[in-house]
Amino acid sequence: MTQEHQFYPAMIEAVQQTLENMVFMEVIEERGAPTEIPATDLTWSSMLINDPVQGEIRLAMPAGLLKKISGNVFGIDEEEVTTSQAYDILNELLNTIGGLFMTKLLPNQEYKIGLPTLEAGKLPEVDEHTVVWHLINSDEEPIKIYADGESLAALHQKVE
Amino acid sequence: MKRIIIADDSATARMFIKRCLQIVGLGDAEFVEAEDGKQALDAAKEQPADLLLTDLNMPVMDGQTLVKWVKASPKLCGMPIIVITSAGNPAKEAQLLELGAYRVLNKPVSPPIMMDALQDFLD
């Protein structure tokens, strides 16, 4: 199997492994029409991939789900979770997912990734250089991952 | 009581590691948290620890430099170091092991992985 063939499943595996090991949550790929995250409930974080390909990975989920995850992690009621705790969890999840994805995608190569940054407002428009993964947990709450950038997405597009 | 230093610039990552250690049976250890390699080194100099777990990419002093400093110190060189990273690859892992790291683990670290890594330490 070539590196390119691993692109799509590599991300699914990275997300599943990360969420299962870190927050004990199982997710699967969503089939059919994807569940949208209402703009008022959207929370997302982004991280740059700097080398050997350039791009950006974004992790998005409903704010309510992030609070629930954070509450489980800290062992407190979700109402007690501070915004800072929740955002730190989101960034750490993205950092781990991004690193794992690159390790799976380019197993024998050195790569450089940036620091995760919390973002506000709408997600950027999806274009021909964006690959989107729609996942859901057992409560059917959506989790979305975006890989963006010409050279990063090219690894995926080569096999289309 | 075992003294364990956890170095990571993310408070959440430190908490994840701590929780993992608690699950594998080290809940009664004394955990010392450091936000970078320099803080971890200072904490070890103040009182050597039984184990040091460190992230690789950190501000001020990164994990690789921390490994070098610890292994160069006659007082600290016996302290086992586990490097936990989200930016690992075989070449980097080999480099860290060559420098004296005890184990290199890729994030996410689950309790079974931690248990396996700490087998000698827990015995």
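The model is a predicted one.

**Stop 1: chain B as a whole**

Select chain B and colour it by secondary structure. From the N terminus on, its elements follow the order β-α-β-α-β-α-β-α-β-α-α, which comes to 6 helices and 5 strands. The C-alpha atoms of chain B fill a box of roughly 30 × 30 × 30 Å along the principal axes. A compact globule of 123 residues would have a radius of gyration near 14 Å, and chain B, with 13 Å, agrees with this. Of the residues of chain B, 41% count as buried. Among its contacts between residues at least 6 apart in sequence, 62% join residues at least 24 apart.

**Stop 2: B:Asp55**

Next, select B:Asp55, which lies in strand β3 (residues 51–55) of chain B. An unreviewed UniProt entry annotates B:Asp55 as "modified residue: 4-aspartylphosphate". Is B:Asp55 buried or exposed? B:Asp55 counts as buried because it has 28 C-beta neighbours inside 10 Å, and the cut-off for a buried residue is 20 or more. Now display the residues that B:Asp55 touches, leaving out those up to four places away in sequence: they are B:Ala7, B:Asp8, B:Asp9, B:Ala13, B:Gly63, B:Ile84 and B:Thr85.

**Stop 3: the nonpolar core**

Select B:Ile5, B:Ile17 and B:Val83. Within the largest nonpolar core, which has 73 residues, these three touch the most other members. Helix α3 (residues 83–105) of chain A gives the largest share of this core, 10 residues. Then centre the view on B:Ile5. Apart from residues up to four places away in sequence, B:Ile5 touches B:Val32, B:Ala34, B:Ala40, B:Ala43, B:Ala44, B:Ala49 and B:Leu52.

**Stop 4: where the chains meet**

Show both chains together. How many residues of chain B are in contact with chain A? There are 16, and they are in contact with 17 residues of chain A. On the side of chain B that touches chain A, the elements giving two or more residues are α1 (11–26) and α4 (90–99) of chain B. The largest share, 4 residues, comes from α1(B). By class, this side of chain B has 7 nonpolar, 7 polar and 2 charged residues.

**Stop 5: chain A as a whole**

Hide chain B and select chain A. Chain A contains 4 helices and 7 strands, in the order α-β-β-β-α-α-β-β-β-β-α along the sequence. Its C-alpha atoms fill a box of roughly 45 × 35 × 25 Å along the principal axes. Buried residues make up 38% of the 160 residues in chain A.

**Stop 6: strand β7 of chain A**

Finally, select strand β7 (residues 142–148) of chain A. Of its 7 residues, 6 are buried, so this strand is largely enclosed by the rest of the structure. Which strands pair with β7(A)? Strand β3 (residues 55–62) of chain A runs antiparallel to β7(A) and is joined to it by 5 bridges; in one of the pairs, A:Glu56 has A:Asp148 as its bridge partner. Strand β6 (residues 130–137) of chain A also pairs with β7(A) in the antiparallel sense, over 7 bridges, and here A:Trp133 is partnered by A:Ile145. β6(A) and β7(A) form a hairpin with 4 residues between them, and in the turn A:Glu140 has a positive phi of about 60°.

Terms used: Residues numbered from 1 in each chain as written. Chains lettered and ligands numbered in written order. Predicted model: local features only at pLDDT ≥ 70, side-chain atom pairs only at ≥ 80, totals over all residues. Contact = placed C-beta atoms within 7 Å. Nonpolar A, V, L, I, M, F, W, Y, C, P; charged D, E, K, R; others polar. Core = buried A, V, L, I, M, F, W, Y, C linked by C-beta atoms within 7 Å. Buried ≥ 20, exposed ≤ 12 C-beta atoms within 10 Å, placed from the backbone. UniProt positions renumbered as here; feature names shortened; annotations may be inferred. Pairing = 2+ DSSP bridges. Rg over C-alpha atoms; globule rule 2.2 N^0.38 Å.
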